[in-house]
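Please prepare a short briefing on the structure shown below, with the cut-offs behind each term stated once.

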Amino acid sequence: MSIAFEIPGKRILSSTQLTAFQSSATYNTITSFIEVLNASVVGVRLTDACPESLGINAILRLLDRIEQLAHETPPVENKASRFGNPAFRSFYDKVQTLAPSLHADLPGLDQNATPELTTYFSQAWGNRERIDYGSGMELNFLCWLICLDRLQVVAASDHAALITRVFWRYIQIMRILQSTYWLEPAGSHGVWGLDDYHFLPFLFGSAQLRGTAQRIVISSTAGHKFVRPKAIHDPEIVDELSKDYMYFSCIKFINSIKTASLRWHSPMLDDISAVKTWEKVNSGMIKMYQAEVLGKLPVIQHFFFGSILPYEGPPPPSSDESHHGDGHVHEGWGDCCGIAVPSAFAAAQKEREPGKRIEGPGIRPVPFD
């Protein structure tokens with residue numbers, strides 16, 4: 001059956017529309033896909049061998065090209081500001097320009113679908129105007145993966161690789177963009193992300209750790225330690241497991257750019273560490289994602305609906321009482337656009353060596369910003 005593809009657009013402006021979305025086929029498609037991917041990586045390490053199909057390899061080559069674009073687009077001198085670096089807009093424009101040709105190399109893709117897919121793909125790297133990034137952009141990448149799955153660029157046998165190879169590659173590139181261009185946390189303080197930017201690496205990362213409390217044993221000066229959620233507070237365990245598990249890699253990343261306890265700068269992660277098992281952490285993460293990302297108007301008002309992920313709810317309100325001239329709703333303090341807050345990377349500016357870009361694991365710890 002042929003699909004009449006369309007360029008995705010925003011549809012939701014009201015709480016009534018959001019409620020309708022939460023009982024829609026598109027909502028079920030997203031949550032079901034998350035659950036399928038989640039199940040595919042239970043007990044799977046990042047370093048485990050897994051089959052990589054032609055589709056997976058093509059996607060990885062595409063992502064390699066995105067990283068190359070970032071390296072080809074250095075940040076501009078911006079000493080007067082600790083906010084997002086304007087060079088990000090040049091990077092973003094390059095991605096938009098190249099996206100159609102990059103998709104042409106994906107095996108089996110109906111090229112009529114390219115405009116639809118490239119909308120999600122381009123929007124997955126951050127907001128061009130605000131130079132920020134948050135869980136809404138991360139959701140765009142997930143929607144891009146859904147489209148690739150629906151259009152059979154990848155198959156069910158690729159699901160584990162979609163997380164341990166493709167999604168994790170995306171996160172690694174996002175870390176480069178965040179540290180290179182000082183992307184601000186979307187919203188005023190990274191709302192709806194478990195660190196300043198992300199949610200899904202913790203969700204899928206906790207799936208990797210399900211059933212591992214008695215299986216993973218870490219040798220330490222204090223004897224052997226089983227790996228439970230509270231282990232995120234042990235630097236030795238975090239360092240040792242960061243190569244194999246997304247959850248610990250994300251904790252290590254947070255610790256590399258912020259000092260002090262997680263209790264102060266990442267209170268939600270600190271609270272979650274008190275949960276007894278990774279099974280409960282993982283199931284709680286899925287519920288939290290549904291409530292705090294898919295259930296929040298300031299996030300979903302920016303969601304793009306097309307032919308693959310259609311909107312079938314009521315039309316937007318006829319009056320403009322609930323939104324401003326920028327075409328979307330503002331509900332409460334710190335929601336959506338919020339108040340611009342500098343990236344944590346900007347706080348490291350005074351610590352860096354002249355001419356050396358701040359990025360990746362070499363970032364020196366800085367006081368919490």
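Among contacts in the protein chain between residues at least 6 apart in sequence, what percentage join residues at least 24 apart? The share is 76%, where contact means heavy atoms within 4.5 Å. This is a predicted model, in which local features need pLDDT of at least 70 and side-chain atom pairs count only at pLDDT 80 or more, while totals for chains, interfaces and linings use all residues. Residues are numbered from 1 along each chain as its sequence is written, and side-chain values use heavy atoms, with hydrogens and water left out.

**Overall make-up**

- The protein chain contains 14 helices and six strands, these being DSSP runs numbered from the N terminus (H or I over at least four residues for helices, E over at least two for strands).
- Of the 369 residues in the protein chain, 54% are buried, with buried meaning under 20% relative accessible area, exposed over 50% and partly exposed in between (1.4 Å probe, protein chains only).

**Helix packing**

- Helix α2 (residues 25-40) packs on helix α7 (residues 159-181) at an angle of about 80°, and their axes are 8 Å apart; axes are lines fitted to C-alpha atoms, for helices over the stretch in contact, and angles run from 0 to 180 degrees between N-to-C directions.
- The two helices α2 and α7 are therefore roughly perpendicular to each other, on a scale where angles under 35 degrees count as roughly parallel, over 145 as roughly antiparallel, 65 to 115 as roughly perpendicular and the rest as oblique.
- On the α2 side the contact is made by F33, V36, L37 and S40, which meet H159, A160, L162 and I163 in α7.
- The residues of this contact of α2 with α7 comprise six nonpolar, two polar and no charged, where Ala, Val, Leu, Ile, Met, Phe, Trp, Tyr, Cys and Pro count as nonpolar, Asp, Glu, Lys and Arg as charged, and the others, Gly among them, as polar.
- Helix α8 (residues 200-208) is mostly covered, since nine of its nine residues are buried, among them L200, F204 and Q208.
- The buried residues of α8 pack against α2, α6 (135-150), α7, α10 (246-257), α12 (267-272) and α13 (278-292).

**Aromatic rings**

- A search of the whole structure finds 24 aromatic pairs, in which rings of Phe, Tyr and Trp (its six-membered ring) pair if their centres lie within 6.5 Å, with planes under 30 degrees apart counted as stacked, over 60 as edge-to-face and the rest as tilted.
- The rings of F248 and W278 form an edge-to-face pair, because their centres are 6.0 Å apart and their planes stand at 65°.
- This pair links distant parts of the chain, with F248 in helix α10 and W278 in helix α13, 30 residues apart, and both F248 and W278 are buried.
- A cluster linked by ring pairs takes in F121, W125, F141, W144, F167, Y170 and F204.
- R175 lies over the face of F253, at 3.8 Å from the ring centre; a charge sits over a ring if NZ of Lys or CZ of Arg is within 6 Å of the ring centre and within 35 degrees of the ring normal.

**Two partly exposed positions**

- P316, in the segment after β6 (304-305), is partly exposed with a relative accessible area of 42%.
- Although P316 and S14 are 302 residues apart in sequence, their C-alpha atoms are 6.6 Å apart in space, and P316 touches R11, L13 and Q17, not counting residues up to four places away in sequence.
- E72, in the loop between α3 (54-71) and α4 (87-103), is partly exposed with a relative accessible area of 41%.
- Leaving aside neighbours within four places in sequence, E72 is in contact with R65 and K94.
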